[in-house]
Amino acid sequence: MLSLHLILFLAFGAVCVAGAVNLLAQTHPINSALSLIAVMAALAGEYLLLGAEFVAAVQVIVYAGAIMVLFVFTIMLLNAGVEEHTKGSRVAIVIGVPGLLIGSVLLAWVVLHRSGTEAVAMGALPGDPRTIGQLLFHDFLLPFEVTSVLILIAIMGAVVLASKPEAIQKRKEH
Amino acid sequence: MPLPLPIFVLVSVIKSALILFILLTAVAYTVWLERKVVGHMQNRWGPTRVGPFGLLQPAADGIKFLFKEDLTPPHVYRPLFLAAPLIAVVFALTSIAVIPFGNSFEIFGYTIPLQITDVNIGLLFILGVTSVGVYGVALAGWSSNNKYSLLGGLRASAQMISYEISLGLSLVGVLIMSGSFSLRAIVESQQGFFWYMVPRWNIFHGQFIGFFCYLMAAYAETNRIPFDLPEAETELVAGYHTEYSAMKFAMFFMAEYANMITVACLATLLFFGGWDGPLFGPTVLRVLLPVVYFAAKIVVFLFVYIWVRGTLPRFRYDQLMSFGWKFLLPLAIANLVVTAIVVAW
């Protein structure tokens, strides 16, 4: 029987896949970026169906809201133009498409039958903010903090790489 | 007792339509209020001709916008040029869905809350919707294919991302004190009094700095003076909506004022006790009075918005960025740390 949950799951999934295909098919970077936003939003809908409302909200705020705004910002700032499609080699179509299909079928089979975990029922995840907070700041505090330090290091590395060599030289002389 | 599905759908549709109508009317009359108040601050009368006190001016403006010629310049990127005002206005109107206006009331044995829907991530929902609303402004600026529009769009996206961090952090203090993302629960945590006279609202409960950060960041998020750089008319003609005319321009206008109202609603709910106020009289009055208190507090916030607009000049762009990153963000973090320590004590 088609439940409302299943219908919504399929609808969000369809939007997600359509957005992803459109992302590849579009020639203009800004259209691709907007397709990616649609993918992110559809994923947030899927999370919501699983009962992970906090993750869904964060998905929208962080990915659709902040990261993709930066993408769009960069595209606007660089004034990136329309890209040319390559004609596409025959190898990509002959081997790539069937390979992709076989790969995803295999992956689905392994996840469903070999991983030893049951498929998650709709609305079954403990996804309310209180549980997530308990997990992040109590049960897995150390991994969480280590990850944040890692990200901080990555940001500092990016700043160092982006700054001009003369500026670094100047700092060394001081 | 929970509502059966058909009645639930019916009640939701009625509530959504009613709240949308009220919101759009409020948007129209906020414009009127702004013109009137700024007029008086500048020793003018503001609108006076259409109706008593110019009260029918919003209707006249609406008709004018509908009948004006809708120009689409030939050099724009059409799909996004048409979509941008829609994005702006849709997301501005969506966030009202989770805002509670008053207590729930009972009718025919069913309990109906004065709110379209009460979700337990209400606050995050609003933050998410506002963060997606940036695309309206950014895409309008880019798709117009005009240097002033592009600069306005770039400024808008940079400014909104920068101030969203302070906005979010300034709210965490309130969240720590109430322990919930649900706006209804946050209001309910502010009931009662200190020393029998001062209401237990968060602003009197150690969140004054949080409120200050919220207000500053919210002014920047809604592109209002003194942070209205995306549409700074002395530098950028009209910023991101330079190329828009007629109803498309009106949609950006509506989005801006709807966002102002959402910000005022959030400030009321989070820092000023929502619909909290003295209750008395028969049941009908007990249901209606909270809504009146809520509306009154919102009008005060809208007045402050307009007052600031009539008083302060615009920031320079570098001042805006250094204020946001070097002053507001550390202040919000400090407020968060102090609140956390005090609550944990």
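In this predicted model, 16 residues of chain A are in contact with 18 residues of chain B; two residues are in contact if their C-beta atoms, placed from the backbone, lie within 7 Å. On the side of chain A that touches chain B, helix α3 (residues 53–78) of chain A gives the most, with 13 residues. Helices (H or I, at least four residues) and strands (E, at least two) are DSSP runs, numbered from the N terminus. That side of chain A divides into 13 nonpolar residues, 1 polar and 2 charged. Here Ala, Val, Leu, Ile, Met, Phe, Trp, Tyr, Cys and Pro count as nonpolar, Asp, Glu, Lys and Arg as charged, and the others, Gly among them, as polar.

Residues are numbered from 1 along each chain as its sequence is written, while chains are lettered from A and ligands numbered from 1 in the order in which they are written. Local features need pLDDT of at least 70 and side-chain atom pairs count only at pLDDT 80 or more, whereas totals for chains, interfaces and linings use all residues.

Helix α2 (residues 29–49) of chain A has 21 residues, which should span 30 Å at 1.5 Å a residue, and its end C-alpha atoms are 31 Å apart, which agrees. The expected span is 1.5 Å times one less than the number of residues. Among the buried residues of α2(A) are A:Ile30, A:Leu34, A:Ile37 and A:Tyr47. A residue is buried if 20 or more other C-beta atoms lie within 10 Å of its own, exposed if 12 or fewer, and partly exposed in between. The buried residues of α2(A) pack against α1 (4–25) and α3 of chain A, together with α4 (122–143) of chain B. After α2(A) comes A:Gly51, with a positive phi near 90 degrees.

Chain B has 11 helices and 4 strands. Of its 345 residues, 44% count as buried. The largest nonpolar core has 117 residues, of which B:Ala88, B:Ala138 and B:Ile261 touch the most other members. Such a core is a set of buried Ala, Val, Leu, Ile, Met, Phe, Trp, Tyr and Cys residues joined through C-beta atoms within 7 Å. Helix α9 (residues 246–271) of chain B supplies the largest share of this core, 16 residues.

B:Ala246 is in helix α9 of chain B and has a positive phi of about 50 degrees, although it is not a glycine. B:Ala246 is partly exposed, with 15 other C-beta atoms within 10 Å.
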